[in-house]
Amino acid sequence: MSYRRTLRREVGCTGIGLHSGRPVRLRLLPAPAEHGIRFARTDVGVEIPATLAHVGEQDHATTLRRDGVSVGTVEHVLAALAGLGVDDARVEVDGPEVPVLDGSAAPFVILLHEAGLRPLAVPRLYLRVREEVAVVHGTKSARLAPSDHFEVGYSIGFDHPLLRHQTFALRVTPRSFTDHIAPARTFAFLREVEMLRKSGLALGGSLENAVVIGETGVLNNKLRYEDEFVRHKILDAVGDLALLGYPVLGRLEATRAGHALHTAVAQKLLATRDAWELVPAGAVAVEPAAVGATALRPA
């Protein structure tokens with residue numbers, strides 16, 4: 001039996017928002033069973049559930065919105081929570097955006113290791129994909145298909161020597177996410193940075209929190225993986241699919257997709273009622289618990 005999990009204790013960090021450039025403090029707190037993941041804007045007193053129903057803008061990041069209040073760039077912390085198997089948690093921020101930290105999900109994974117996880121007294125449910133659904137926009141596509149596990153296969157291609165074509169696929173487990181996906185950083189082309197800033201985006205971006213690609217190569221430090229770019233796209237997809245509200249049993253196949261297509265295919269899945277079902281943990285093969293959640297049954 002696999003039970004829902006939350007944090008053992010509160011952890012936090014400070015940083016700046018990638019797009020807003022504003023300083024922000026974040027806290028991750030334990031939550032009761034079936035609370036889900038919820039973001040709380042402590043500066044204005046508004047709580048926003050991390051669900052598809054609250055998706056707002058998706059211009060180079062995923063934003064959640066409720067009652068005129070938003071929290072931006074939620075995908076990296078959501079990816080860490082989903083990748084490590086956290087079902088219930090409260091994410092507090094005192095500003096309009098989650099801190100970018102180093103541009104990856106690795107700092108959030110470290111925070112979760114520091115917090116530890118504990119099982120709750122409610123069995124976990126999984127969202128199992130029964131029939132394929134797809135969203136296609138020209139050369140961009142995202143498909144969710146049946147699988148006994150959560151798998152992602154991703155392909156990208158850009159008009160740049162470093163990024164003509166990259167592809168990566170894996171079964172997402174706490175270990176594979178931690179080792180192969182979480183450290184992959186967000187990236188941007190130098191030629192686009194000034195345009196983004198004129199549009200009010202990337203105001204907090206720097207060589208310390210993003211991989212910046214010039215005409216001939218990476219401007220800052222060396223890549224963490226040779227194919228770090230496509231791995232970061234998988235990181236984003238894991239975070240965006242977390243908005244389904246349940247761990248997924250299915251395979252995402254994405255080609256040149258992004259935040260908007262990730263959530264569009266998730267929304268299409270939910271809208272196609274025969275294409276999915278909720279199944280109890282006992283009906284699936286469960287990965288070993290991660291980051292301290294070693295107990296098989298809740299205390």
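Trainee: Where is Leu18 found?

Mentor: Leu18 sits in the loop between β2 (11-16) and β3. Residues are numbered from 1 along each chain as its sequence is written, and side-chain values use heavy atoms, with hydrogens and water left out. This is a predicted model, in which local features need pLDDT of at least 70 and side-chain atom pairs count only at pLDDT 80 or more, while totals for chains, interfaces and linings use all residues.

Trainee: Is Leu18 buried or exposed?

Mentor: Leu18 counts as buried because its relative accessibility is 9%. The cut-offs are under 20% relative accessible area for buried, over 50% for exposed, and partly exposed in between, with a 1.4 Å probe and protein chains only.

Trainee: How should I read the protein chain as a whole?

Mentor: Start with the totals. The protein chain has six helices and 18 strands, and 56% of its 299 residues count as buried. Its accessible surface is about 12,800 Å², with 51% belonging to carbon and sulfur atoms; the areas come from the Shrake-Rupley method with a 1.4 Å probe, and for residues only the protein chains shown count as cover. Among contacts with a separation of 6 or more, 75% join residues 24 or more positions apart, where contact means heavy atoms within 4.5 Å.

Trainee: What is His35 in contact with, leaving aside its neighbours within four places in sequence?

Mentor: His35 touches Asp88, Ala89 and Arg90. Like Glu34, His35 lies in the loop between β3 and β4, but His35 counts as buried, at 16% relative accessibility.

Trainee: How many residues of helix α1 are buried?

Mentor: Eight of the nine residues in α1 (residues 75-83) are buried. They are Glu75, His76, Val77, Leu78, Ala79, Ala80, Leu81 and Gly83. After α1 comes Gly85, with a positive phi near 85°.

Trainee: And how do I read helix packing?

Mentor: Two packed helices are described by the angle between their axes and the distance between the axes. For α1 and α2, the axes come within 8 Å and cross at roughly 45°. Axes are lines fitted to C-alpha atoms, for helices over the stretch in contact, and angles run from 0 to 180 degrees between N-to-C directions. The pair is therefore oblique: under 35 degrees counts as roughly parallel, over 145 as roughly antiparallel, 65 to 115 as roughly perpendicular, and the rest as oblique.

Trainee: Which residues of α1 and α2 make the contact?

Mentor: His76, Val77, Ala80 and Leu81 of α1 meet Phe108, Val109 and Leu112 of α2. By class, six are nonpolar, one is polar and none is charged. Ala, Val, Leu, Ile, Met, Phe, Trp, Tyr, Cys and Pro count as nonpolar, Asp, Glu, Lys and Arg as charged, and the others, Gly among them, as polar.

Trainee: At what angle do helix α3 and helix α5 pack?

Mentor: α3 (residues 174-181) and α5 (residues 228-241) pack at about 140°, with axes 10 Å apart, which makes them oblique. Phe177, His180 and Ile181 in α3 meet Arg231, Ile234, Leu235 and Val238 in α5. This contact has five nonpolar, one polar and one charged residues.

Trainee: How far apart are the axes of α5 and helix α6?

Mentor: The axes of α5 and α6 (residues 259-271) are 9 Å apart, at an angle of about 40°, and the two helices are therefore oblique to each other. Lys233, Asp236, Ala237, Asp240 and Leu241 of α5 make the contact with His259, His262, Thr263 and Ala266 of α6. These residues divide into three nonpolar, three polar and three charged.

Terms used
Helix = DSSP H or I, 4+ residues; strand = E, 2+ residues; numbered from the N terminus.
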